[in-house]
Amino acid sequence: MLGRYNLLPTVEKGSVHKDVNEIHVHPEWKVYSPKYDADIAILALSDSVTFSYFIRPVCLPTDDSVIEDIRGAIVGWGLDDNGMMHLAYPKHASTIIRNQSYCLTTDPELAYLSSTRTFCANGGDGVP
């Protein structure tokens with residue numbers, strides 16, 4: 001389903017169903033990896049997608065892009081602070097994007113979770 005906000009079975013305005021023909025998981029993805037820096041997959045759909053207010057492309061920066069000290073968003077259905085999974089609605093937090101050296105030198109926990117394939121962020125109403 002594209003354009004969905006709620007993962008529970010429900011009808012949502014603007015959502016569209018598309019069949020998935022192929023799933024290409026990143027070759028370095030490991031389910032129990034402590035970093036999760038390869039947790040991405042590409043889904044090849046059966047039909048083309050028409051973008052709308054509810055369905056938008058995800059744009060990633062190029063290798064030479066400089067994105068730091070600007071506000072960004074974190075969205076997802078991950079675990080909460082108590083280790084509980086909540087699938088009804090995604091969590092959302094606003095945060096400040098930092099350069100990699102910030103995460104590698106500021107906090108040992110951030111350094112452990114960071115890699116050249118992760119975005120570095122902290123502050124705002126998000127977590128570091």
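1. Which side chains meet in a salt bridge at 2.9 Å, N to O? They are those of Asp 69 and Arg 98, where a salt bridge is taken as a side-chain nitrogen of Lys or Arg within 4 Å of a carboxyl oxygen of Asp or Glu. The pair links distant parts of the chain, 29 residues apart, with Asp 69 in the loop between strand 2 (41–45) and strand 3 and Arg 98 in strand 4. Arg 98 counts as partly exposed because its relative accessibility is 24%, the classes being buried for under 20% relative accessible area, exposed for over 50% and partly exposed in between, with a 1.4 Å probe and protein chains only.

2. A word on the basis of the note. This is a predicted model, in which local features need pLDDT of at least 70 and side-chain atom pairs count only at pLDDT 80 or more, while totals for chains, interfaces and linings use all residues. Residues are numbered from 1 along each chain as its sequence is written, and side-chain values use heavy atoms, with hydrogens and water left out.

3. The chain contains 2 helices and 5 strands, which are DSSP runs numbered from the N terminus (helices H or I, at least four residues; strands E, at least two). Along the sequence these elements follow the pattern β-β-β-β-α-α-β. Of the 128 residues, 20% count as buried. Among contacts between residues at least 6 apart in sequence, 45% join residues at least 24 apart, contact meaning heavy atoms within 4.5 Å.

4. An open sheet is formed by 3 strands in the order 3-4-5, with antiparallel pairing; two strands are said to pair if DSSP finds at least two bridges between them. Strand 3 (71–76) and strand 5 (120–122) stand at the edges with a single partner strand each, so one side of each is left without a neighbour in the sheet. From one strand to the next the twist averages 55°, based on axes that are lines fitted to C-alpha atoms and on angles that run from 0 to 180 degrees between N-to-C directions.

5. The two pairings can be followed residue by residue.

6. The structure holds 2 salt bridges, and one of them joins Glu 12 to Arg 4, with the closest N and O atoms 3.0 Å apart. Glu 12 counts as buried because its relative accessibility is 16%, whereas Arg 4, at 21%, counts as partly exposed. Gly 3 is found in the segment before strand 1, and its C-alpha atom is 9.4 Å from that of Phe 51, 48 residues apart in sequence.

7. Lys 18 deserves a separate look. Lys 18 lies in the segment before strand 1 (20–25) and is buried, yet has no salt bridge, the nearest side chain of opposite charge being that of Asp 47 at 4.1 Å; in this count Lys and Arg are positive and Asp and Glu negative, with His and the chain ends not counted. The side chain of Lys 18 does reach the backbone oxygen of Ser 48 at 3.1 Å. Beyond neighbours within four places in sequence, Lys 18 is in contact with Leu 2, Leu 45, Asp 47 and Ser 48.

8. Finally, two residues from the earlier part of the chain. His 24 lies in strand 1 and, at 40% relative accessibility, counts as partly exposed; outside the four places on either side in sequence, His 24 is in contact with Ile 40, Ala 41 and Ile 42. Trp 29 has its place in the loop between strand 1 and strand 2 and, at 30% relative accessibility, counts as partly exposed. Not counting residues up to four places away, Trp 29 touches Tyr 36, Ala 38 and Asp 39.

Key. Polar contact = N/O pair within 3.5 Å; in protein donor to acceptor, adjacent residues only side chain to side chain.
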